[in-house]
Amino acid sequence: MKTKIILLVDDNPDDVQLTLRALKKSNILNEVVVAQDGVEALEFLFGTGKYAGRDMKIMPQVVLLDLKMPRMDGLEVLQRIRNDERTKLQPVVIMTTSSEDQDRVESYHLGANSYVRKPLDFHQFAEGVRQLGIYWLVLNEAP
Amino acid sequence: MQVKKRLQINVAFSIMAAGVIIAMLTTAVHHILNAVETSNIADELVSSVYQQSEFRNEYMWSTNERARVQWFAKHEKIVLLLQSALEKFKDAEDKTIVERMAKDQEPIARIFSSIVENREKPQLNPVLSQEVEDTLVSQMNMKRDNTILDARRLQESASKRLLFSLRTSGWGILCVIITLTAAATVNSWSMGRVITKRITALRNGTAIIGEGNLDQRIDITGDDEFAELSEAFNAMTAKLRSSYLELEKEIDERVKVGQEMRQMATLLEETQSIAHVGGWEVDLEKNALYWTSETYRIHETSPSEYTPTVETAIAFYAPESVPIISSAVSEAIEQGKEFHLELQLVTAKGRLIWVETAGKVIRRDGRVVKVLGVFQDITDRKGAEALRQSSAYHRSLLEASLDPLVTIDANGKITDVNAATEKVTGRSREELISTDFSHYFSEPEKAQAGYRRVFREGQVRDYALDIRQKDGHLTPVLYNASVYRDRAGKVVGVFAAARDISERKKAEDEIKKLNMELETRVLERTAELEAFAYSVSHDLRSPLRSIEGFSLALLEDYAGKLDDMGKDYLNRVRNATMRMGHLIDDLLKLSRVTRIEMKREQVDLSIVAHRIADDLKNRHPERPAQFDIAEGLTAYCDAGLLTVAMENMFSNAWKFSIKASRAVIEFGVTEINGQHAFFVKDNGIGFDMTYANKLFNPFQRLHKTEEFPGTGIGLATVKRIINRHGGQVWIEAKEDKGTTVYFTL
């Protein structure tokens with residue numbers, strides 16, 4: 001069985017924690033790889049730097065990508081993902097606090113598969129995560 | 001035929017006749033004479049023959065020597081007579097007779113001679129002698145009888161001839177006379193007729209012409225004197241006519257000239273009278289002074305009352321003026337010096353007036369023969385001079401004005417300008433006056449439109465125009481213009497004053513520039529603010545989420561380890577974070593409302609209201625609520641912003657009517673102070689109007705959060721949105737009766 005992993009890219013540790021908790025609460029027990037910024041995320045996806053030498057056969061089922069990050073902002077990461085043959089078809093879900101229209105539009109422009117806002121209310125957030133998880137991990141068939 | 005000819009014919013006839021008559025007479029006379037002569041001869045012959053016979057008898061009786069001699073004398077006479085008769089008697093017959101007679105004489109003579117011989121020789125046989133004598137005598141008697149017969153025949157013939165001659169002559173003359181007379185009569189008569197006819201024609205023709213119809217021509221043709229006469233008449237008539245026409249023309253000319261002269265004279269009179277300028281003339285040769293009617297008028301007298309002379313005229317002047325005018329006139333007469341004086345004069349009615357008199361001289365052959373000039377009452381002018389001093393004062397004021405002043409007549413031509421106008425147009429007074437005023441503006445049509453408006457409305461204020469200087473440089477000005485009237489109240493033109501607003505314009509332009517800079521800066525600030533708001537909201541939310549999330553995590557995962565107080569604290573924490581989240585959201589929304597670019601369009605507010613209402617109902621299906629939404633309410637506004645505003649208003653209405661058994665929320669339009677105002681009305685809790693004006697401040701609330709959750713930003717947002725649309729928003733409420741939010745757009 002192919003290992004279904006989730007790549008979570010978020011610079012906010014609190015958010016990471018909460019997301020993980022939400023996933024757990026939703027009984028999504030897949031492995032979650034956490035990248036703390038865009039660079040790390042790309043390193044993982046391309047098997048460079050920190051993740052050099054990893055098993056490249058294992059690619060995330062879905063990438064949960066935050067937008068506002070240091071070093072490399074989420075949209076740029078998305079761009080890089082889309083620009084590389086290896087990761088061009090990688091499902092990416094933008095998960096962000098931003099409610100700005102331009103972010104949303106730009107994300108889709110750059111090829112995001114989905115755009116989800118992190119709600120303030122944790123319940124909502126957890127519910128959202130659960131739905132995301134079920135959809136992307138179970139329902140959706142990866143390329 | 002010419003009359004002359006006719007007359008000549010007559011004369012010829014007469015001469016001819018006379019000639020004929022004379023000839024005839026002569027012939028007649030001749031014939032008569034001849035006849036008489038022949039008659040005489042015949043008579044003589046007869047008598048001679050008888051006498052001869054007597055003598056024979058006598059001889060026979062007395063054998064008288066004397067008788068024989070006389071007989072032979074007679075014989076000679078008879079022969080002579082017969083000779084002359086032969087000459088005289090022209091007629092052949094007569095001539096024959098005469099010749100016979102003549103022939104017979106010889107025999108007669110011989111016979112007598114024989115007789116004589118016989119007698120002389122008586123001796124022989126007396127009887128025989130007697131017989132011979134008898135035979136001879138009988139022969140002689142026979143011959144004598146023949147002769148007498150012949151002589152009587154001759155006599156007869158002669159007298160017949162005479163009678164014939166007489167008669168012929170008589171008749172002939174008569175005939176000639178008659179013929180002549182007839183001819184003469186006929187000729188005369190026909191001549192007379194022709195002459196009469198022609199004379200009549202001539203007379204009629206000339207009569208018509210005489211009456212003045214110079215176009216009439218006498219129509220007599222022919223080649224006689226009348227025709228010539230009529231031709232001459234016609235020629236004369238034609239000549240007369242042309243002379244007449246010329247005369248007429250000349251007369252017309254003269255009349256016209258006369259009229260013109262009369263017109264001129266009248267005009268002169270009138271102009272003199274209007275201008276109150278009189279004339280005068282001193283004729284030195286005639287020693288007379290002439291005045292025109294105006295001069296009389298100025299002196300307040302008339303030609304019937306006064307005849308001007310130089311001395312008496314000078315006497316009119318005031319005492320102090322008399323020597324001046326006297327010497328002026330004298331110098332003019334003597335030296336030909338012209339004069340021009342202003343003097344005082346006392347009129348015939350005793351009025352003291354100022355007059356101006358000017359004189360010049362007319363010379364002939366170097367001598368002054370006339371002095372003439374003009375005469376004017378200048379009392380007004382003298383008075384006007386005083387006025388002019390004040391006028392000069394007014395004028396100096398106009399010239400001193402810094403504002404360009406101009407007067408324009410009813411035809412759009414400049415009639416006067418002051419120095420400031422000259423300066424601002426860069427043109428001199430002379431260049432400007434009588435020219436079209438609109439010429440000096442950069443927008444002539446606009447200038448003319450303003451000018452027309454002044455006439456229409458009586459005045460125009462602050463009319464902006466640009467004056468164009470000669471070098472092309474423009475000066476922006478504001479015009480205050482009004483119509484000005486003459487003393488009769490009739491509008492004469494436009495008086496306009498310009499205010500140079502170049503400084504002001506410059507200041508305005510500065511302001512505009514500054515405003516634009518300000519705008520840009522504002523935009524920059526806004527952009528900065530946007531970025532700020534965005535990042536703030538984003539950055540604030542993040543920790544907020546953490547707080548919320550972990551509080552919940554605590555509550556859920558460590559519920560066992562917490563007592564009620566602990567749980568309570570955590571719940572408060574959570575609530576607080578929720579509130580903060582709302583605040584951040586509202587702040588963001590408010591800031592977006594201010595930032596966002598408005599796009600106005602026709603929006604159906606009723607549909608928006610319906611959508612909001614449906615959304616509310618969907619989200620809270622358990623609440624009984626009634627929405628009364630008026631249909632078809634449209635407004636020209638930004639759809640997004642109005643939606644936000646209405647969401648706020650509706651959510652407020654929804655929130656504050658929660659205590660009502662049944663929330664009734666109304667949306668409609670009403671008329672307030674003549675304006676359309678939309679309203680959102682609820683039957684909720686209402687509030688005390690005393691604090692109404694605070695409601696629109698951000699975060700201002702009139703109710704406790706526990707009772708009615710909310711950040712207090714809703715109405716502030718609504719106010720911002722409505723204000724951005726240039727509208728008004730206000731609120732009315734009654735405690736426990738409900739609230740109505742009114743807004744206009």
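A: Among the contacts in chain B that join residues at least 6 apart in sequence, 58% link residues at least 24 apart; two residues are in contact here if their C-beta atoms, placed from the backbone, lie within 7 Å. Please keep in mind that this is a predicted model, in which local features need pLDDT of at least 70 and side-chain atom pairs count only at pLDDT 80 or more, while totals for chains, interfaces and linings use all residues. Residues are numbered from 1 along each chain as its sequence is written, and chains are lettered from A and ligands numbered from 1 in the order in which they are written.

Chain B holds 17 helices and 17 strands, taken as DSSP runs numbered from the N terminus (helices are H or I, at least four residues; strands are E, at least two). Of its 745 residues, 26% are buried. A residue is buried with 20 or more other C-beta atoms within 10 Å of its own, exposed with 12 or fewer and partly exposed in between, the C-beta atoms again being placed from the backbone.

Two residues in chain B deserve a look at their backbone. B:His276 is not a glycine, yet its phi is positive, about 55 degrees. B:His276 sits in the loop between helix H5 (225-275) and strand E1 (277-283) of chain B, and it is partly exposed because 16 other C-beta atoms lie within 10 Å. B:Asp462, also a residue other than glycine, has a positive phi near 50 degrees. B:Asp462 belongs to strand E8 (residues 459-468) of chain B, and it counts as exposed, with 9 C-beta neighbours inside 10 Å.

Now for the contact side. Chain B brings 14 residues to the contact and chain A brings 13. On the chain B side, helix H13 (502-557) and helix H14 (564-595) each supply at least two residues, and H13(B) gives the most, with twelve. By type, the chain B side has six nonpolar, five polar and three charged residues; Ala, Val, Leu, Ile, Met, Phe, Trp, Tyr, Cys and Pro count as nonpolar, Asp, Glu, Lys and Arg as charged, and the others, Gly among them, as polar.

Across in chain A, five strands form an open parallel sheet in the order E2-E1-E3-E4-E5, where strands pair if DSSP finds at least two bridges between them. Strand E2 (31-35) and strand E5 (114-117) of chain A are its edges, each pairing on one side only.
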